[in-house]
Amino acid sequence: MFFQRAKLKKEFDQQFVKLIKETKEDWQQAQQIEDYLNDYDLDAMAKRKIAESIHF
């Protein structure tokens, strides 16, 4: 029983780290898109803020 619990914890930790990395990549991509835009785009700013709030 104990070994199964340790295995589940390890799998959960791996999934959690993967999710953190994915949200960080999404946030960084949204930042880059906003940086590349020449004009003031509210949609791009909103997407960046959403990605940032999900990551943090």
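Trainee: What do the side chains of K47 and D43 do?

Mentor: They meet in a salt bridge, 3.6 Å from N to O. Keep in mind that this is a predicted model.

Trainee: How far apart are K47 and D43 in helix α2?

Mentor: Four residues, so about one helical turn separates them. K47 is exposed, at 52% relative accessible area, while D43 counts as partly exposed at 44%.

Trainee: How many salt bridges turn up in the whole structure?

Mentor: Four. One of them joins R48 and E34, at 2.3 Å from N to O. R48 sits in helix α2 (residues 42–55) and E34 in helix α1, so this pair ties together parts 14 residues apart in sequence.

Trainee: And is R48 buried or exposed?

Mentor: Buried, because its relative accessibility is 16% and the cut-off for buried is under 20%. R48 also pairs with E52 in a salt bridge at 3.1 Å, and E34, R48 and E52 are linked in a network.

Trainee: Switching topic: what about the overall shape? Which secondary structure does the protein have?

Mentor: Two helices and zero strands. Its radius of gyration is 17 Å, well over the 10 Å the globule rule gives for 56 residues, so the protein is more spread out than a compact globule. The C-alpha trace spans about 60 × 15 × 10 Å along its principal axes, and 12% of the residues count as buried.

Trainee: Which residues form a nonpolar patch on the surface?

Mentor: F12, F16 and I20, with about 310 Å² of accessible area together. F12 lies in helix α1 (residues 2–36) and is exposed, at 53%.

Note on methods: Residues numbered from 1 in each chain as written. Predicted model: local features only at pLDDT ≥ 70, side-chain atom pairs only at ≥ 80, totals over all residues. Heavy atoms only, no water. Patch = residues over 30% accessible without salt bridge, like charges linked within 9 Å, V, L, I, M, F, W, Y side chains within 5 Å. Areas by Shrake-Rupley, 256 points an atom, 1.4 Å probe, with all protein chains shown as cover. Buried < 20%, exposed > 50% of the residue type's maximum accessible area, 1.4 Å probe, protein only. Rg over C-alpha atoms; globule rule 2.2 N^0.38 Å.
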